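Hi there,

Here is the structure I promised to pass along. Have a look at it first, and then read on for my notes.

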There are 2 protein chains.
Amino acid sequence: MTGTAPGLRMPDADARVLARRNDIIADLKAIVPGEGVIAHEREMRPYESDALTAYKQLPLVVVLPSTTAQVAAVLKYCHDNEIRVVPRGAGTSLSGGALPLEDAVLLGLGKFNKILEIDTPNRCAVVQPGVTNLGISKAVDHLGFYYAPDPSSQIACTIGGNVAENSGGVHCLKYGLTTNNVLGAELVLITGEIVRLGGKHLDAGGLDLLSVVIGSEGLLGVVTEVTVRLLKKPDTARAVLVGFPTSEDAGECVARIIAAGIIPAGIEMMDKDAIAAAEAFVNVGYPLDVEALLIVELDGPEAECAHLLEEVTRIAQACNSVTLRVSTSEAERLGFWAGRKAAFPAVGRLSPDYLCMDGTIPRRQLPFVLARMRELGAKYGLRCANVFHAGDGNLHPLILYDANAPGELHAAESFGADILRLCVEVGGVLTGEHGVGVEKRDLMDTMFNEVDLAQQQRMKCAFDDKSLLNPGKVFPTLHRCAEFGRMHVSGGALPFPDLPRF
Amino acid sequence: MTGTAPGLRMPDADARVLARRNDIIADLKAIVPGEGVIAHEREMRPYESDALTAYKQLPLVVVLPSTTAQVAAVLKYCHDNEIRVVPRGAGTSLSGGALPLEDAVLLGLGKFNKILEIDTPNRCAVVQPGVTNLGISKAVDHLGFYYAPDPSSQIACTIGGNVAENSGGVHCLKYGLTTNNVLGAELVLITGEIVRLGGKHLDAGGLDLLSVVIGSEGLLGVVTEVTVRLLKKPDTARAVLVGFPTSEDAGECVARIIAAGIIPAGIEMMDKDAIAAAEAFVNVGYPLDVEALLIVELDGPEAECAHLLEEVTRIAQACNSVTLRVSTSEAERLGFWAGRKAAFPAVGRLSPDYLCMDGTIPRRQLPFVLARMRELGAKYGLRCANVFHAGDGNLHPLILYDANAPGELHAAESFGADILRLCVEVGGVLTGEHGVGVEKRDLMDTMFNEVDLAQQQRMKCAFDDKSLLNPGKVFPTLHRCAEFGRMHVSGGALPFPDLPRF
């Protein structure tokens, strides 16, 4: 039990590794010289948690390599010596994906911060994993391009972390998640071998290793280079703020917009608590007398935007909208989004602490789920503000609590788990874009049966035979695969005609 | 050497299985009663090849199960008895993905032909794998929806085969390949275990098994149910036929359309040979005096289409277009496509036989690659008509030959291999949408090194420990994984706190 939060089961630390800590640090310093190894407690503090701050744990040691060769050497060393490894990007994970382990090397990719190639004829860029999400769009802005997925944390989160978590954002309804916008990657295996996945093309032949690495939460290897798809910036983008007297009306409006065949660049919904918090934080003129607010963004050629704006206005009015405001300038459009993107910290000011949940439901279940969440809030005596990607049914309930009030963290966690179980019950899923991490690990069996989880773990074992990469995350129960041996297919190649059985 | 084509190395047949053929047939008849087992040579003839007709081989036996339970029982029987299995959809594979083996059960999914659920509020349908691609769109047409990927063989090919090959089509530039349009699947493992992959949502938590199964060419398991994404039919779709004096001009026009930020529903290019063949076949009024023809389709709201049509016209004229014709009715639009979709059989009338190649290049390399292909054609003394998805750089050179002329098949194969090597050399890939199969198997090492291929095979072993599923396809060299044992993670579950090492 090395996790510091009550109730979080983590794998027992390996006493043999703890006893050899000084030797391990010396060995790692030989691999990553200079400032690349951090071993003093005070200097390791910034790495003790990610954005799921309820859980904290100092790592064995922090290593910050700056080349793929160093990453490969560190991983090979850890593999040879059976030392666990937790990869880390910017540490903005909301599911505890980068939570350290007492006996594990924390491998930070922060020094991988270069943009290697911008290739606009092929609509892509090759970047290192430590480049921030927004940094990519900024680097190609002058050429008229951008990178589409836009997590709220995009100013800080890195593309490597986005790949690990299959991150989304407010524009994923139209443009897809990370997996739809990454074309290739360089992956270092735990053995130190380097594999190239995908490339600048949609299809590459052979088994699609890239797709399984995207969203694998650091369990399969360490990504040291990413090829992202670039999109041309739309000619026009306009946002509409629409207020409704009930969240049912807002939900109905979302359903009718989609049913009309319109795929907006984004449709976000906020409830009364979230609206009030965001408006107090950024003062952008959100209406305060409505129960639900939609932000609908339309982009594309001017003619298309104008046409779709008319359609959306007509649909909103038919759904009892009480306020409707269309952005008339780029500054105003960005203002509409500023409130939404600041909603998490804004809600955070309402309460000493909050848990940001992440689940997805079929769109048509929205009114039922909102009503049921209100009942659950009453049961646990906790407030819950709601901000969500309404277009794709991805909910982000923000549960407000005070970690210093006895029992409140536990109540908030139970409330959150009930919300996620509710999502699965109505035909949805445990996650939308934040990953499983430690936060939802113990709920995986509400979605997957033993056969499903066993097959996922066999795939994990095909990459990580000793289960050294990010243990304690994603899988509620881990099983040994080391005793079956690594499938060393690189040795003993048997060309075809001589092959007796395979 | 069981393949009947000269030069095609296939794994040696298992004499033990051949000797037990009658017992195996009897056992399979007990699992799949009635008409479900075909063992007479004459009745097995239709299954001896797929659309890569250069290779033919009778299977050990054909089994046509009609329930998932039967598929599971057949696979478990084959696993227990170490009998190879080749899954088959409609047999339209152009890369030999469904080529039988003398010692393997051919598992046909033709009886899985039902649409199980149409769920328009969630924009998806649940179908059995033997439903044809076009059958899905027809079933939801009256509701205003369709399924986007549209291979030329869509009237015959099945969604199960589309999943196996990650099939594309003329509309994939805008709407993506199969992997972008399939949300979930039911997969039967070679052990007979049944795994559910994905669902009705973008993200599902855990490792993304679905993505690796899509495009895995029958090497990982048998898909018995597919959840596809449905799209609303666009308000308007209009196609433009544009003729050019040179293919360089046509290539430049494609580049400028994409550079302008326009993503048409499709951009297809045909060269002079293909134009003439298609026009003679369907008589739709293609211009015969041009060197290259583009078909550009624009879809969306009426206002958007009108605006984009103006843009495309302006760009085409700036690129020296000599003819330009916009469809004025739905019948005319479908006529424009009829020639393109019939191009393969149409070109087939020019010559006794043809090989349809499939490679992808960076768009900007198009003029260079076209010129180099002309040189290669002269070298081999063979004609080559070109039809391609120009928007995404996916080439389909059609090499014309006569199988009865000594040496021509071999020359055509060498010409095709040179074209695919050329694609890789200019930064492209071996495939676009037809898969690797046996056709491109021996070229895989031009794209992937040993480490890449070894990691792909470890993933294959995580699904198929005895390498019984579709052997001889995709991998140029296969390696044993059976000797390392199956990773039986379903036994001996070790819950967390008690877990000493994992």
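**Salt bridges and a helix**

A:Asp418 and A:Arg421 form a salt bridge, with their closest N and O atoms 3.0 Å apart (a salt bridge being a side-chain nitrogen of Lys or Arg within 4 Å of a carboxyl oxygen of Asp or Glu). The two are three residues apart in helix α15 (residues 408–425) of chain A, so about one helical turn separates them. A:Asp418 is buried at 17% relative accessible area, while A:Arg421 is partly exposed at 35%. Buried means under 20% relative accessible area, exposed over 50%, and partly exposed in between (1.4 Å probe, protein chains only).

This is a predicted model, where local features need pLDDT of at least 70, side-chain atom pairs count only at pLDDT 80 or more, and totals for chains, interfaces and linings use all residues. Residues are numbered from 1 along each chain as written, chains are lettered from A and ligands numbered from 1 in the order written, and side-chain values use heavy atoms, without hydrogens and water.

Over all chains there are 55 salt bridges. Among them, A:Asp14 pairs with A:Arg16 at 3.1 Å, N to O; A:Asp14 is buried at 8%. A:Arg9, A:Arg441 and A:Asp442 are linked in a salt-bridge network.

Helix α5 (residues 133–140) of chain A has A:Asn133, A:Ile136, A:Ser137 and A:Val140 as its buried residues. They lie on the same side of α5(A) because they cover an arc of only 95 degrees around the axis, taken from the directions from the helix axis to the C-beta atoms. Helices are DSSP runs (H or I, at least four residues), numbered from the N terminus.

Best wishes
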